[in-house]
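Please read them next to the coordinates.

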Amino acid sequence: MTKRALITGVVGQDGSYLAELLLSKGYVVRGITRRASYPHTQRIDHLFKQYDDRDAEARFRVTYADLTDSSSLQNVLHEFQPTEVYNLAAQSHVGISFETGESTLDINAIGPFRLLDAIRSSGAKDVRFYQASSSEMFGASPPPQNELTPFLPQSPYGVSKVAAFYLTRLHRIAYGMFASNGILFNHESPRRGLNFVTRKITYSIAQIIAGELDRIELGNLDAKRDWGFSGDYVEGIWRILQHTEPDDFVLATGEMYTVRDFLGQTFGLLGLDWEDFVTITDRYRRPAEVPALLGDASKARRVLGWEPKVHFGGLCEMMLAGDLAARGFTLEQARTKAATLTPKRGGA
Ligand code: GDD
């Protein structure tokens, strides 16, 4: 039987990699997205070209639906009849959740509830449901963190993800649904949104090389994160839903670095000293911070046979090379250009 995957958040970083993976495995994939006033399908435009979205029988299509609109979810479930549902849609920025707490909770916590409830009410018994849970749920719990570590969320975003985690488990326990959580530590790529710290840094370095920017403004450089590659993590997401039973799994690299380390590594690739180009500002500090995330993914390794392939150094280089290429530079050319830069002093 052909597998049919519904992906919420398909236009995002993880949604685009997951759609590619599932299409390569022969799935029929339906993505859903919200209406936007400006085109926001850049990450999946190549899939439209490859799988011809205009054909009603196309293997890849995207339709409008919204996690804050129950009837739109019911309609797409009824029409598409998925065998697997991947809930990746979210207000995913932790810092912004302090300013938009109510809508973050609506999209990230009530949203998965609406989707789970719509699947349950549809009567389709065999649908497998994946919830994109987050290491941000661990918040102030000291590292390393695994599936047994207590949640101590430090942001409206973290609280919303804890609620969704438990709602997913509840549907498993109360209604026998195949509903699983992937607790993913930070995962990045050249497709990462521009206001997450890794991509903000590599994108800004490319701008500095191109002469478009003098300095980068950043907040807390002491935060420690376990950064992996999104392309590796979607493989883990898929394996979570192929497992014989529903369960919860941490996906992480097991390596921890500070934001300062990320700066040192990426600027270092071009022979530059990051301190010449970074200004620290309170603007990007958060009212409460998650100090240190370091995942222990031994359960996923043991049970699912999942392991990340890309590690910190490779990730930094991949992201920087991607942003430089978009501005017409190879790493080598950027190094040559970097040697001619005279940093504008100032800042903290
Ligand atoms: N975004 C951002 N911008 N973060 C900054 C900046 C800045 O200018 N300066 C310092 N930081 C620090 C943040 O305070 C945080 O401690 C760290 O860099 C990482 O921030 P983000 O890249 O925004 O990621 P995050 O860890 O808060 O959240 C990401 O990972 C979660 C999994 O742990 C997001 O992808 C979440 O959606 C995800 O659930």
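1. Trp 227 is buried, with a relative accessible area of 3%. Buried here means under 20% relative accessible area, exposed over 50%, and partly exposed in between, with a 1.4 Å probe and protein chains only. The residue sits in the loop between strand S9 (224–225) and strand S10 (228–229). Helices (H or I, at least four residues) and strands (E, at least two) are DSSP runs, numbered from the N terminus.

2. Leaving aside residues up to four places away in sequence, Trp 227 touches residues that include Asn 186, Glu 188, Val 197, Thr 198, Tyr 257, Phe 262, Phe 312 and Leu 315. Contact means heavy atoms within 4.5 Å. Gly 139 is 88 residues from Trp 227 along the chain, and their C-alpha atoms are separated by 16 Å.

3. This is a predicted model, in which local features need pLDDT of at least 70 and side-chain atom pairs count only at pLDDT 80 or more, while totals for chains, interfaces and linings use all residues. Residues are numbered from 1 along each chain as its sequence is written, and side-chain values use heavy atoms, with hydrogens and water left out.

4. Two backbone details deserve a check. The peptide bond from Pro 143 to Pro 144 is cis, with omega near -5°; Pro 144 lies in the loop between strand S5 (128–134) and helix H6 (156–175). Gln 81 has a positive phi, near 55°, and is not a glycine. Gln 81 belongs to the loop between helix H3 (70–80) and strand S4 (84–87), and is partly exposed at 46% relative accessible area. For reference, most residues other than glycine have a negative phi, and most peptide bonds are trans.

5. On the overall fold, the protein chain has twelve helices and 13 strands. Its radius of gyration is 20 Å, close to the 20 Å that the globule rule gives for 348 residues, so the chain is as compact as a globular protein of that length. The radius is taken over C-alpha atoms, and the rule is 2.2 Å times the number of residues to the power 0.38. Along its principal axes the C-alpha trace spans about 65 × 45 × 40 Å.

6. Of the 348 residues in the protein chain, 53% are buried. Among contacts with a separation of 6 or more, 80% are between residues 24 or more positions apart.
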